[in-house]
Protein chains: 2
Amino acid sequence: MSRQGLSSVSSSKLADFVSVNPWQIRKDFSYFGDFGTRGVGYDIENLAKQIKKILKLDTTRKTALVGVGNLGSAIMAYTGFGTYGFQITAAFDNDPAKIGRKMNDVAVENISMLDTLGKRQVDMAIIAVPEQAAQDVADALVRAGVKGILNFSPRRIVVPKKIKVITIDIATDLARLPYYIP
Amino acid sequence: MSRQGLSSVSSSKLADFVSVNPWQIRKDFSYFGDFGTRGVGYDIENLAKQIKKILKLDTTRKTALVGVGNLGSAIMAYTGFGTYGFQITAAFDNDPAKIGRKMNDVAVENISMLDTLGKRQVDMAIIAVPEQAAQDVADALVRAGVKGILNFSPRRIVVPKKIKVITIDIATDLARLPYYIP
DNA sequence: TAGTGCTTGTGAACACAATCACAAAGTCAT
DNA sequence: ATGACTTTGTGATTGTGTTCACAAGCACTA
Ligand SMILES: NC(=O)c1ccc[n+]([C@@H]2O[C@H](COP(=O)([O-])OP(=O)(O)OC[C@H]3O[C@@H](n4cnc5c(N)ncnc54)[C@H](O)[C@@H]3O)[C@@H](O)[C@H]2O)c1
Ligand SMILES: NC(=O)c1ccc[n+]([C@@H]2O[C@H](COP(=O)([O-])OP(=O)(O)OC[C@H]3O[C@@H](n4cnc5c(N)ncnc54)[C@H](O)[C@@H]3O)[C@@H](O)[C@H]2O)c1
């Protein structure tokens, strides 16, 4: 909306957009503060800024990728992370054939260099290695000071409580579809 | 557990495994029927069968892939869909250079062949095309009789109410991490 | 068969989230 | 300045899902 030159938006416009009720929008916003102006609506620029602040998306963050295989290569090629201020600034693999290859200005490093992440201010990582290796990689990432992990392997990985792990299992997501198919 | 030769399991074992309370497990199961035996627990084989039935995962299903680019190639190479009885039996692209290429015994077809899916008993599809093309592809899939769509493009796609769409936006999932990082 | 030890299944109590209805606060035209 | 019109913010209400506590049921032993 900001890009379209609009300056303010009402709760019912927002509600239509995400298919919920206007009062749900207003109630949710009100838990965090008074963002709107009565009779007018919400200032788009300011609203976006406030939401980014609440979700801690108001700073750019460096992210590492571990495992540059089929999925890892796709992720390295993906440009959509910039939307939220993320940069993939490091990639690691244990396959000598892949180490040194460059994609999107990032060179693939040897997995043994993982412990340099702390010094490089990288605090998030994406795991895209075979599931047998996932736990070992997670342990190494935690030792390197990473605070958040996006895990694509279909395996529960165990980390200290302070570390947040989000697991995406594409097969499980696909498995949600049949329930809705007659 | 079945593979490990175990025959029955208690609600508290299951609860530990997925990090919830035992009574939550029992309550949820009880909404669908009496699966367990008091004093013993749940028969693993039967429990798995019942859950598969509830989630409609008790039949094998054919799935089509549209868009054999970076992400699409990774998905075609992925073997994890078999767990839930899914088979990727068709793949489509509009790039002549990709049409005809074979991966995992599936040949990439011209996107114009999409309307043959109905006759081939394919009722689910995965969209992995650029976001500008996502809506057009979705429309074509619906016309071809597909009932469920897994959408990887970061775009809201509009379909008839009868059709179920699940959208996975990897960047948005990654964007959930900073909130938990101090 | 009676007793002991487990584990399930579930009504009741509770906590939380969604919904409603409306006062408060702004805009705009006259 | 006033009145008509919008739109927000929120206490009160309703609805839904989670948690609790315990009776009911089964296995095993003697
Ligand atoms: N491909 C998909 O569409 C898909 C979908 C869902 C989940 N996954 C999961 O994502 C993960 C990766 O899938 P993929 O298809 O890219 O596999 P892949 O085999 O193509 O890639 C794995 C990469 O990890 C590297 N690797 C292996 N062990 C390593 C280690 N100890 N340290 C560093 N690097 C190591 C390999 O050299 C390889 O480059 C798997 O766990 C898979 O189950 C993949
Ligand atoms: N690569 C990632 O890691 C990643 C992550 C999240 C989301 N996505 C999304 O997934 C989608 C695909 O990403 P990608 O990186 O594989 O892109 P890509 O450009 O590598 O692949 C897109 C493929 O779709 C084909 N295509 C284009 N228009 C088509 C049409 N009308 N009909 C049929 N095929 C068509 C192209 O020929 C190409 O092979 C994009 O929407 C992207 O935003 C990708």
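In the predicted model examined here, the contact between the two chains (heavy atoms within 4.5 Å) takes 43 residues from chain B and 44 residues from chain A. Residues are numbered from 1 along each chain as its sequence is written, and chains are lettered from A in the order in which they are written. Local features need pLDDT of at least 70 and side-chain atom pairs count only at pLDDT 80 or more, whereas totals for chains, interfaces and linings use all residues.

The size of an interface is often given as the accessible area lost when the parts come together. Chain B and chain A bury about 4,100 Å² between them, with 74% of this area on carbon and sulfur atoms; buried area is the accessible area, taken with a 1.4 Å probe, that two parts lose on being put together, summed over both. On the side of chain B, the most area is lost to chain A by Leu174(B), Leu177(B) and Ile181(B), which together account for 16% of what that side buries.

The residues of chain B that touch chain A divide into 29 nonpolar, five polar and nine charged, where Ala, Val, Leu, Ile, Met, Phe, Trp, Tyr, Cys and Pro count as nonpolar, Asp, Glu, Lys and Arg as charged, and the others, Gly among them, as polar.

Conventions:
Heavy atoms only, no water.
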